[in-house]
Amino acid sequence: MNVERKESGGKGSFFINAEGRQVALMTYTVQEDHLLVILHTEVSDSLRGKNVGSKLVMEAVTYARNHEMRIRPLCTFAKRFLEKEKDLYADVLEQAN
């Protein structure tokens, strides 16, 4: 399963299509201060428990690292994933004030 990315006008998504339909989606916005804000993550019921949501978050991490961005996870799934091992993601995870 390949993760694709689409972005326009500061809004974007990482997504996976299979058999002609979208089966996983993570939406985000980009703020001017190089901040990627993860808004929502959803995975088709048929893929739950297969780490597909984690794969989407990791794509966002890779993207943020490659573009010298920070991540603010508003999505509860992404927030739990990133904070679970925050030492691994400290370089991209926005620090709370």
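## About the model

Because the model is predicted, local features need pLDDT of at least 70 and side-chain atom pairs count only at pLDDT 80 or more, while totals for chains, interfaces and linings use all residues. Residues are numbered from 1 along each chain as its sequence is written, and side-chain values use heavy atoms, with hydrogens and water left out.

## The largest nonpolar core

In soluble globular proteins, nonpolar side chains tend to be buried together. A nonpolar core here is a set of buried Ala, Val, Leu, Ile, Met, Phe, Trp, Tyr and Cys residues joined through side-chain atoms within 4.5 Å, where buried means under 20% relative accessible area, exposed means over 50%, and partly exposed lies in between (1.4 Å probe, protein chains only). The largest such core has 27 residues, of which Phe14, Leu36, Ile38, Ile71 and Leu82 touch the most other members. The elements that give two or more residues to this core are strands S2 (11-18), S3 (21-31) and S4, together with helices H1 and H2, and H1 gives the most, with seven residues. These elements are DSSP runs numbered from the N terminus, with helices (H or I) of at least four residues and strands (E) of at least two.

Contact means heavy atoms within 4.5 Å. Not counting residues up to four places away in sequence, Leu36 touches Tyr28, Thr29, Ala60, Tyr63, Met69, Arg70, Ile71 and Arg72.

## The second largest pocket

A pocket is found on a 1 Å grid over the protein atoms alone, as an open set of points where a 1.4 Å probe fits, with protein on both sides within 12 Å along at least five of seven lines; its lining residues have an atom within 4 Å of a point. The second largest pocket has a volume of about 170 Å³, a volume being the space filled by probe spheres set on the points, which are joined across faces, edges and corners. Among the residues that line this pocket are Thr41, Arg48, Gly53 and Phe77, and the elements that give two or more residues to the lining are strand S4 (35-43) and helix H1 (52-66).

Thr41, which is in strand S4, counts as buried at 14% relative accessibility. Leaving aside neighbours within four places in sequence, Thr41 is in contact with Leu25, Met26, Gly53, Leu56, Cys75 and Phe77.

## Salt bridges

A salt bridge is a side-chain nitrogen of Lys or Arg within 4 Å of a carboxyl oxygen of Asp or Glu, and a search of the whole structure finds five. One of them joins Arg48 and Asp45 (2.8 Å, N to O), both of which are exposed.

Another salt bridge joins Arg72 and Glu94 (2.7 Å, N to O), and this pair links distant parts of the chain, with Arg72 in strand S5 (residues 70-73) and Glu94 in the segment after helix H3 (86-89), 22 residues apart. Lys79 and Glu83 also meet in a salt bridge (3.8 Å, N to O), but these two residues both lie in helix H2 (residues 76-84), four residues apart, or about one turn of the helix.

Val3 lies in the segment before strand S1 (4-8) and is buried, with a relative accessible area of 18%. Apart from neighbours within four places in sequence, Val3 is in contact with Phe14, Phe15, Ile16, Lys55, Leu56 and Glu59.
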